[in-house]
Amino acid sequence: MVCSTETNLAICRRDAVQEFRNFIFESWGWRCAYCDRPIHDHPTLDHVVPRFLGGSDRQSNLIPACESCNHSKGSKNLYEWFPGRSHFSEERLQKIRDWIE
């Protein structure tokens, strides 16, 4: 699509944002990065480093999270919050580390 008018720019931006989000979800198999549950119904993206702590909206700082994990983590630090969760695994933590680096 050519983005030459204001209307087209809005459509292009919306489509680009959706493609950006879908790429992240697809990269994780539409599963929560924390608990590994499927997230097809209500997918959310979590900021690994919360925005208020200087985290960005870059792909490397966004991971898919189910609503429960995203709400539970909130603005907490990944390394303080995740190890205390019942679904914690070193394998998932390493996958998150690989994604953000």
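This is a predicted model: local features need pLDDT of at least 70, side-chain atom pairs count only at pLDDT 80 or more; totals for chains, interfaces and linings use all residues.
Residues are numbered from 1 along each chain as its sequence is written, and side-chain values use heavy atoms, with hydrogens and water left out.

Let's start with the cysteines. A disulfide is a covalent bond between the sulfur atoms of two cysteines. Here it is counted when a pair of cysteine sulfur atoms lies within 2.5 Å, and the structure holds zero of them. Cys-69 is in no disulfide either, with the sulfur of Cys-66, the nearest one, 3.6 Å away. Both residues are tucked away from the surface: buried means under 20% relative accessible area, exposed means over 50%, and partly exposed is in between (1.4 Å probe, protein chains only). Cys-35 is buried at 11%, and Cys-69 is buried at 1%.

Next, look at the loop between strand E1 (44–47) and strand E2 (62–65), where you'll find Leu-53. Strands (E, at least two residues) and helices (H or I, at least four) are DSSP runs, numbered from the N terminus. Leu-53 is partly exposed, with 49% relative accessibility. Asn-61 sits in the loop between E1 and E2 too, but it's buried, at 5%. What does Asn-61 touch, not counting residues up to four places away in sequence? Its contacts (heavy atoms within 4.5 Å) are Asp-46, His-47, Val-48, Val-49, Gly-55 and Ser-56.

Now for the charged pairs. A salt bridge is a side-chain nitrogen of Lys or Arg within 4 Å of a carboxyl oxygen of Asp or Glu, and a search of the whole structure finds three. In one of them, Asp-15 pairs with Arg-14, their closest N and O atoms 3.5 Å apart. Asp-15 is partly exposed at 32%, whereas Arg-14 is exposed at 54%. Asp-36 pairs with Arg-31 at 3.2 Å between the closest N and O atoms; Asp-36 is partly exposed at 34%, and Arg-31 is partly exposed at 31%.

Lys-73 and Asp-46 form a salt bridge as well, with closest N and O atoms 3.2 Å apart. Lys-73 lies in helix H2 (residues 67–73) and Asp-46 in strand E1, so this pair ties together parts that are 27 residues apart in sequence. Both Lys-73 and Asp-46 are buried.
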